[in-house]
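Subject: The structure I promised you

Hi,

Have it open while you read, and click on the residues as they come up.

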Amino acid sequence: MSKFKELSLIEPILQNLTEAGYVTPTPIQEQSIPILLQKHDLLGIAQTGTGKTAAFTLPMLQLLSGRDFSLTPCEPRSLILAPTRELASQIKASLDKYGKNLKLKNAVIFGGVGQAAQVAALRNGLDILIATPGRLLDLMNQGHCRLNKVQFFVLDEADRMLDMGFINDIKKIVPKLPQERQTLLFSATMPGEIAKLAHNLLKNPKRVEVTPPSTTVERINQRLIHVKKADKYQLLRKVIEEESSELTLVFTRTKHGANKIVDYLAHFKIASAAIHGNKSQSAREKALEDFKAGKIKILIATDIAARGIDVQGVSHVINYDLPVEAESYVHRIGRTARAGRDGDAISFCDETERDALKRIEKTIGLKLPADNFVGTPEASVKMTKPQGKPFRDPRAKPKNNNREQSQKPRSPEAPRSDRPRSEHPQRPRTQGNTGGPENRKQTKVGFKFRNRK
Ligand code: AMP
């Protein structure tokens, strides 16, 4: 495999790459950089984790560098569209890292925060604008941004844009771009609508496709646990308590579900944070920073909020809810096993998720090794949320003789979970499973979580 030097990158960029510790280009970088330096359009089929950000930012920085004229206010020279604020911020961080000393100006704009600083950045003139579609359109409509000078246009994670309903915004943005430009479109998957968009956007594009998703996950130890919906909280706690977890990323389907898990774990003195679209930008950034720094070991995320999150050292990805789309499964589990390390991906599957499971197994071409978990009603799981509202285990039916107790939050001094495991009157059980759910035997075999390191 070649080194970056052989890709005709300029010296300052090579230096920045050395400082970043990059020695060898990833396959998408090796293939895309020469194409882009020759000013071709590009259709890149690649997902996060393949090094695709450097694949487009490095040639972009090189082609834009050497500017010897002043920038025009509100008319950026290039535009990168990303579906989420997290991904947009991450692209900016990459541009800052790879473009150090090139004296190119970039700024990121996204919704959910005030626009004043973003408008000021646009007025100062920009070589590179990174934006989410909604806020960009908003600022364009207010006259703060014109796209007539854009020479380089990147549409990143196009399939996510489609999932998140941005496709109409993109259709409004594209006609404002000049006809003469270099265009790049990246997508992990190629549904019909994206293929159509690519056809309309790109002129004679070169196509680069890196390892299909099903083979990028070889280093990930994937497992499945069949569990009743109501037992999922208990199972999650068991996995967290018993497994080695440097950093654990837990995926839920809903924002509300993510919040409830944080409350549940807090009751058992397990610190975690949720990251989803209803959280303020500062709360999301804080949660992500705390997670990256290892201050919080467990991050609960929805798919959309987790998009673009790149954190080294995630040892476990837990699919608390199975994703409806099979491709999201691959995206999610790709958050572990980064930078050549191994990782664990554990998926919970309840009675309502069997169809989603079938789709996932078909997509990855693999039958996931499965176990079974049977929880026990935790009458004790009647906790007080930090906000003071009672939280009840959906299975815990109050009996007449303990109604009094069931309505009071338990004493924080003596949580039942603090008892040594051997003293638990009824510990959750797991059963080995070799067949489908209907064949599962209720015997105590096989299923062991590895010890926490
Ligand atoms: P991306 O797919 O762009 O999100 O990149 C995934 C991760 O790989 C990021 O943490 C990058 O910093 C890192 N990375 C990208 N290219 C290289 C490279 N050539 N060598 C080492 N790490 C890289």
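This is a predicted model: local features need pLDDT of at least 70, side-chain atom pairs count only at pLDDT 80 or more; totals for chains, interfaces and linings use all residues.

"Buried" means under 20% relative accessible area, while over 50% is exposed and anything in between is partly exposed (1.4 Å probe, protein chains only).

Residues are numbered from 1 along each chain as its sequence is written, and side-chain values use heavy atoms, with hydrogens and water left out.

Now for two helix pairs. Two packed helices are described by the angle between their axes and the distance between the axes. Axes here are lines fitted to C-alpha atoms, for helices over the stretch in contact, and angles run from 0 to 180 degrees between N-to-C directions.

Take α2 (residues 27–37) with α3 (residues 52–64): they pack at about 25°, and their axes are 9 Å apart. So α2 is roughly parallel to α3 (that label covers angles under 35 degrees; over 145 is roughly antiparallel, 65 to 115 roughly perpendicular, and the rest oblique). On the α2 side, the residues that meet α3 are Ile28, Gln29, Ser32, Ile33, Leu36 and Leu37. Contact means heavy atoms within 4.5 Å. By class, the residues of this contact are ten nonpolar, three polar and one charged. For those classes, Ala, Val, Leu, Ile, Met, Phe, Trp, Tyr, Cys and Pro are nonpolar, Asp, Glu, Lys and Arg are charged, and the others, Gly among them, are polar. Just after α2, have a look at Lys39, which takes a positive phi of about 65°.

What is the angle between α15 and α16? Helix α15 (residues 326–333) and helix α16 (residues 354–364) pack at about 70°, with 8 Å between their axes. That makes α15 roughly perpendicular to α16. Ala326, Tyr329 and Val330 in α15 meet Arg359, Ile360, Thr363 and Ile364 in α16, a contact of five nonpolar, one polar and one charged residues.

Ser347 sits in strand β13 (residues 343–349) and is buried, with a relative accessible area of 0%. Its side chain makes a polar contact with the side chain of Asn319 at 3.0 Å. A polar contact is a pair of N or O atoms within 3.5 Å; within protein, one must be able to donate a hydrogen and the other to accept it, and residues adjacent in sequence count only if both atoms are side-chain atoms. Leaving aside neighbours within four places in sequence, Ser347 also touches residues including Arg223, Leu322 and Tyr329.

Ser94, in helix α4 (residues 85–98), counts as buried at 11% relative accessibility.

Ser65 is in the loop between α3 and β2 (78–81). A polar atom of the Ser65 side chain lies 2.9 Å from the backbone oxygen of Gln62.

Cheers

Definitions and conventions. Helices (H or I, at least four residues) and strands (E, at least two) are DSSP runs, numbered from the N terminus.
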